[in-house]
Amino acid sequence: MISQPYFIYVERTEAAKNMARYYAMEISETLFGEACLTRTWGRIGSRGQSRLQQFETESEAVDLFLDLMRQKRKRGYRPRRPMGKSV
């Protein structure tokens, strides 16, 4: 069972480079009780790509979640509210 919700949505936009990207991550629980990290990324306004990774423990998923979040912040991604998702 996941102890708390984990979700982040970040964007990186640079008009001079015609760049408008997003990156979203969420940790959820599978039907078998494993932690699942879902990552979605692409150009803002598109469906983008997705990747799912399963972990035996929540802490393993959280470690990767935090590491990826640090990497994205270094590259200039900043938190935003995703379109169509209420917080």
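**Exercise 1.** Where is N18 found, and what is its phi?

Solution. This is a predicted model: local features need pLDDT of at least 70, side-chain atom pairs count only at pLDDT 80 or more, and totals for chains, interfaces and linings use all residues. Residues are numbered from 1 along each chain as its sequence is written, and side-chain values use heavy atoms, without hydrogens and water.

Step 1. N18 lies in the loop between β1 and β2 (strands are DSSP runs of E, at least two residues; helices are runs of H or I, at least four; both are numbered from the N terminus).
Step 2. Its phi is positive, about 55°, although N18 is not a glycine. Most residues other than glycine have a negative phi.
Step 3. N18 counts as exposed, at 56% relative accessibility (buried is under 20% relative accessible area, exposed over 50%, partly exposed in between; 1.4 Å probe, protein chains only).

**Exercise 2.** Is E11 buried or exposed? List its contacts beyond four places in sequence.

Solution.
Step 1. Locate E11: strand β1, residues 6-14.
Step 2. E11 has a relative accessible area of 15%, so it is buried.
Step 3. Leaving aside neighbours within four places, E11 contacts R21, Y22, I44, G76, Y77, R78 and R80 (contact: heavy atoms within 4.5 Å).

**Exercise 3.** Describe the largest nonpolar core.

Solution.
Step 1. This core has 15 residues (buried Ala, Val, Leu, Ile, Met, Phe, Trp, Tyr and Cys joined through side-chain atoms within 4.5 Å). Y6, Y23, M25, I27, L37 and F65 have the most contacts inside it.
Step 2. β1, β2 (19-29), β3 (35-43) and α1 (58-74) each supply at least two of its residues.
Step 3. α1 gives the largest share, four residues.
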